[in-house]
Amino acid sequence: MPEIILHQYASSPFSEKVRCLLGYKELEYKSVDIPVIMPKPDLMALTGGYRKTPVLQYGADIYCDTAIICRFIEEICPSNPVYSASQEAALSAAALWTDTFLFRVSVAVAFQPKAIGASELLSDPTAAAAFMQDRADFTAGSTALGMELDIALPHWLAHMTKLNTQLSVSSFLGGDAPNILDFSTYHCCWFVYSNDVLKPELEAFPHVAHWIQNMMAFNNRTPKLINSEAAIDIANSSQCLPQTQLDAIIDTDLAVGDSVEVLPIDYGFQATRGELVVASPSSIVIKRHDERAGELLVHFPRLGFQVRRQE
Ligand SMILES: N[C@@H](CCC(=O)N[C@@H](CS)C(=O)NCC(=O)O)C(=O)O
């Protein structure tokens with residue numbers, strides 16, 4: 001059985017979402033510490049272009065975006081479920097809103113001028129300049145990530161107020177146990193809460209602060225650190241998982257075997273190219289070959305991504 005390898009960095013909120021879910025599921029995993037900014041050549045060998053953080057590797061299967069990473073974790077470890085059929089549409093919609101809109105709001109709040117000195121990513125001026133340039137390249141052509149603080153802050157406070165109300169009568173957003181919305185919401189809060197200047201402001205919402213502590217406690221594994229070359233070797237010596245949805249192409253203009261490119265629709269428009277294997281209502285899977293990593297299947301969620309046929 002392949003092992004889970006999480007390609008991530010410590011200060012990444014979306015990585016924290018996955019670290020906590022893995023802990024909640026009591027799953028062991030290996031970790032590759034990837035660069036915070038480009039270039040990331042060893043990650044590219046696996047993803048073929050997708051550069052966001054985190055990426056989950058399972059042998060020669062590569063999962064891009066936490067929406068599909070979390071679904072995959074649920075598939076291989078159904079105990080402690082975080083999805084349910086009775087909430088399928090509601091949870092999927094709420095988690096997408098949280099991972100996009102609330103994340104965008106939380107980035108503006110976390111990077112506000114008074115908090116920058118205490119930010120792990122921005123406290124050193126040289127590193128901060130390189131980071132800002134990298135993120136400008138990363139979000140080129142997109143308006144989906146930037147937001148002015150005076151617009152973001154009221155949205156942030158409005159949602160924190162609602163969360164505080166719900167969490168005053170319920171241990172988790174999912175009720176007695178967390179569901180995927182807890183993990184999606186938590187990583188946005190963690191991003192702000194882990195800045196010492198901003199922590200007291202979140203503590204003004206005591207039920208949110210208590211829930212953050214409970215969610216944080218799920219990040220309880222100590223993954224074995226491996227280097228990126230070792231992860232590439234593991235991909236190279238693994239077989240891709242058999243695909244059960246080979247005929248699942250819902251797009252009328254696409255067929256299995258088409259040469260396609262897949263890219264996010266919000267920001268980080270770096271495409272991955274390969275041969276289409278699946279384009280179902282839940283996922284897009286393409287097959288690609290890398291000199292060092294061998295044959296790979298790269299998986300993306302359907303929501304938030306587009307597939308384009310390459311002529
Ligand atoms: N929708 C993506 C968003 C991932 C994302 O935006 N991650 C941030 C870091 S937390 C990122 O990729 N930043 C640029 C980078 O790490 O190169 C997901 O759910 O995984």
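Aspartate 65 is buried, at a relative accessible area of 19%. That value falls in the buried class because the cut-off is under 20%. The model is predicted. This briefing covers backbone features that stand out. Most residues other than glycine have a negative phi, and most peptide bonds are trans.

- Aspartate 65 has a positive phi, near 95 degrees, and is a residue other than glycine.
- Its place is the loop between β4 (61-64) and α3 (66-76).
- Glutamate 26 also is not a glycine, yet its phi is positive, at about 60 degrees.
- Glutamate 26 sits in the loop between α1 (13-24) and β2.

- Is glutamate 26 buried or exposed? Glutamate 26 is exposed, with a relative accessible area of 59%.
- The exposed class applies because its cut-off is over 50%.
- Aspartate 65, by contrast, is buried at 19%.

**Cis peptide bonds**

- Methionine 38 and proline 39 are joined by a cis peptide bond, with omega about 5 degrees.
- Proline 39 belongs to the loop that runs between β2 (30-33) and α2 (41-47).
- A cis peptide bond also links threonine 53 to proline 54, and omega there is about 5 degrees.
- Where does proline 54 lie? Proline 54 is in the loop between α2 and β3 (55-58).

How values were computed. Residues are numbered from 1 along each chain as its sequence is written. This is a predicted model: local features need pLDDT of at least 70, side-chain atom pairs count only at pLDDT 80 or more; totals for chains, interfaces and linings use all residues. Side-chain values use heavy atoms; hydrogens and water are left out. Helices (H or I, at least four residues) and strands (E, at least two) are DSSP runs, numbered from the N terminus. Buried means under 20% relative accessible area, exposed over 50%, partly exposed in between (1.4 Å probe, protein chains only).
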